[in-house]
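This report goes through one structure by topic. Keep the sequence and the model open while reading.

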Amino acid sequence: MNNRLRTRGLQEAASLIVMLLLIIFVMSQLTDVFFTARNLRNMMLEVSTVGIIAVFTTMLMISGGLDLSVAANLALAGVIIGRFQADWGILQAALAAVGVSTLIGALNGFLVTYVGINPLITTIGMLSAARGIALVVADGLTLPVFDLTGEATDAYTLFHQLGEGEIAGVPLPIVIMVVLLIIGMLVMQFTTYGRALYAIGGNADASRLAGLSVRRYRMIAYTLTGFSAGIAAVLLTARLYAADPKAAPSIELTVITAVVLGGVSLAGGKGTLFGTVLGVLILTTLLNGLRLQSTSTELQNIAQGLVLLLAVGLDQIRTRNINWLKWLRTTRALPAGQPASNGGN
Amino acid sequence: MITLRKATSLFLATAIIGAAAVPFAGVIAQDGECPTAQDSYVIGFANLTEDIVFTQLVREGIEGAAAEAGNVEIVLADNRLDGATALANADNFIAQGVDAVIEFQTDEAFGNVIMSRFRREGIPVIAIDIPMPGATFFGADNYTAGLLAGEALAAWANENWEGGADALLVLELPQSGPVPAARMQGMIDGIQDNLETPVAEEAIYLLDSKNTQEESFNVVSDILPSIPDAERILAVTINDGVALGVIAAAEAAGRGEQIMVVGQGADPSGQEEIIKEGSRYLGATGYFPELYGYQIIPAMIDILECRPVAPSVYVNHEFISAENVCEFYGETELLAEFCAE
């Protein structure tokens, strides 16, 4: 990475940190509850589901992919646990759920990379199919997930610990999210696979000519995104003691908003997991603060929508390298004599 | 091996037994003091969703009742029809230090985990419509509510269609489990037990409304061509919006005169349809969501001040038709003109 790109990356991260600190400051002024240990813990637990999926969605989007089916995939994995816990055992059902989610991710990857269907169409189709299958598997009901027979107490205790357990006072879902995040960062920074995702997202044709297996790398990225939906489903089901075929409504939009806000380009090739962490934290902090204020749902939706628009707008500016002075001059907002700097480049 | 249906029933039974097995007033200390009694209270209200009229009316009623009480501040949250959101809201209420919670959440399956949080903190809960273990129940008597509508529709058919019907469309909501199912069963029983000639089993069509007007329009539009000879069609629906979809579909098919519909809710959209001249919406069982708060807030204050409260408080349902709508809603802006005539 050359110095100019590194400098720009640092500037973007700095601006996100400033935005996050500003939101934290405003929210802490509005309510005393915001900075309590309990609220911070709640907030981090809320982050964990979105965060786990966001880690792998970041990697996918950097490679130029997109997955809108993660919420439906998560819901399907949850009901697989609920439906088959009695037949297979809870831990085996959880493993099967992660397996099914991973397969769905792989199928998305196959359809996009090998069959050549547009990622948007592929994953919207998968969204619809997975949600429908989830409703069929669950018979339309929310399924309780606990030891109904009293014969597998230890396994259930272990399972529910995944959602409710703690390590040194930190909830296990958060620990798992952080571990996955660190692994993701190491992969993106220090492995051929990570470098390849940037290259493929930046220019797939050039990457192919350079000998990279674009299809294989993208396929892996889709598969891992499916895997993350499965992991998130296990943690959520373990915490809720129930599996809902309608679970995680619109979580894919929250994930994409956070990822794009964090600096990942919709066009691929740009972004970092650190930026995604900041994006997730900004979004979660904002929504948590609004909820603590008893802000109406409409305003929360508006806030989230505006953040998404802001994120996409910033992405467009970054992608197109807009020279603002030149733009202002062409729109006659500035006199013709003023020199245009090269600021956008 | 335990079946899914058994598991659901077992869970529901656990929830209801749990709800019945706890004290229904705040715990009085040994010195006779009521430790939860205060001059003023902060009560959390987590609404089912803010996207439908019924729940908006519930929220407005609770806010109105709190204002009337004078010493109650309401902290609002939206469960967005989602268990994870309901759990997050419960955690937020605890962080905010609320004195009590009114919980209107989506499914009894989430009740255990949510209630375990509140029990640990000693926070009393009133659960609306969905029983939760350890919470005082407030809400609809779903089967009775259904029965009222079914009986009214049967009475209408006895009077106008010689006591019979060629088809019965049941616009249900299977995905939401036993609560709406009890409502639908009540309507079917109300018709079959009171119609002079019950509808033949094979002429009863169970249709998934998905709780939306659009979907009910679609499924009824699909079914009508398959019953071309049915000239007397009865329809029972899960709520007003679904009823409007059914009527629109029948009218679009040119068969408006062949159908008569009842529903549940009698919210403003339903009332508007009920009072239309020649309406095919006979009426709907009223739930009076706007009045929930005026029963719930005083009950919650009683719990907080250690006065006994019944374990389950049910809404007094009434079947609302064009004949009696003015008794209940005559003072509303919507019906002012109609009721003045």
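## Terms and basis

A nonpolar core is a set of buried Ala, Val, Leu, Ile, Met, Phe, Trp, Tyr and Cys residues joined through C-beta atoms within 7 Å. A residue is buried if 20 or more other C-beta atoms lie within 10 Å of its own, exposed if 12 or fewer, and partly exposed in between, with C-beta atoms placed from the backbone.

This is a predicted model, in which local features need pLDDT of at least 70, side-chain atom pairs count only at pLDDT 80 or more, and totals for chains, interfaces and linings use all residues. Residues are numbered from 1 along each chain as its sequence is written, while chains are lettered from A and ligands numbered from 1 in the order in which they are written.

## Nonpolar cores

The largest nonpolar core holds 140 residues, and those that touch the most other members are Leu74(A), Ala77(A), Ala97(A), Ile43(B), Ile62(B), Ile102(B) and Met300(B). Helix α10 of chain A (residues 214-240) gives the most to this core, with 16 residues; helices (H or I, at least four residues) and strands (E, at least two) are DSSP runs, numbered from the N terminus. Apart from this core lies another, of 56 residues, including Ile191(B), Ile233(B), Phe319(B) and Ile320(B).

Leaving out residues up to four places away in sequence, Ile102(B) touches Ile43(B), Phe45(B), Ile62(B), Ile126(B), Ile128(B), Ile296(B) and Met300(B). Two residues are in contact if their C-beta atoms, placed from the backbone, lie within 7 Å. In soluble globular proteins, nonpolar side chains tend to be buried together.

## Chain A

Chain A has 14 helices and 4 strands. Of its 345 residues, 47% are buried. Among the contacts in chain A with a separation of 6 or more, 76% join residues 24 or more positions apart.

α10(A) has 27 residues and spans 39 Å from its first C-alpha to its last, close to the 39 Å expected at 1.5 Å a residue; the expected span is 1.5 Å times one less than the number of residues. Because 24 of the 27 residues of α10(A) are buried, this helix is largely enclosed by the rest of the structure. Elsewhere, Leu306(A) lies in helix α13 (residues 297-320) of chain A and is exposed, with 11 other C-beta atoms within 10 Å.

## Contact between the chains

How many residues of chain A are in contact with chain B? The contact joins 31 residues of chain A to 31 residues of chain B. On the side of chain A that touches chain B, the elements giving two or more residues are α2 (37-62), α3 (70-88), β1 (143-144), α10 and α12 (273-292) of chain A. The largest share of that side, 4 residues, comes from α2(A).

By class, the side of chain A that touches chain B has 15 nonpolar, 9 polar and 7 charged residues. Ala, Val, Leu, Ile, Met, Phe, Trp, Tyr, Cys and Pro count as nonpolar, Asp, Glu, Lys and Arg as charged, and the others, Gly among them, as polar.

## Domains of chain B

Chain B is assigned domain 1 (4-138 + 290-310) and domain 2 (142-286 + 320-340), with bounds from an automatic or database domain assignment. The C-alpha centres of domain 1 of chain B and domain 2 of chain B lie 32 Å apart. Each of these domains of chain B gives 7 residues to the contact. On the side of domain 1 of chain B that touches domain 2 of chain B, helix α2 (residues 53-69) of chain B gives the most, with 3 residues. That side has 5 nonpolar, no polar and 2 charged residues.

## Local features of chain B

In helix α4 (residues 111-121) of chain B, the buried residues include Gly111(B), Asn112(B), Val113(B) and Phe118(B). Gly122(B) follows α4(B) and has a positive phi, near 70 degrees.

Asn211(B) has a positive phi of about 65 degrees although it is not a glycine. Asn211(B) sits in the loop between β7 (204-208) and α7 (213-223) of chain B and counts as partly exposed, with 19 C-beta neighbours inside 10 Å. Phe288(B), also not a glycine, has a positive phi of about 55 degrees. Phe288(B) is in the loop between β10 (281-286) and α10 (289-304) of chain B and is buried, with 22 other C-beta atoms within 10 Å.

## Confidence

The model scores ipTM 0.82 and pTM 0.80. The mean pLDDT of chain B is 89, and 90% of its residues reach 70 or more; pLDDT is the predictor's confidence in each residue, from 0 to 100. Over residues 1-24 of chain B the pLDDT is below 50, and this stretch has 40 contacts in the model beyond near neighbours in sequence.
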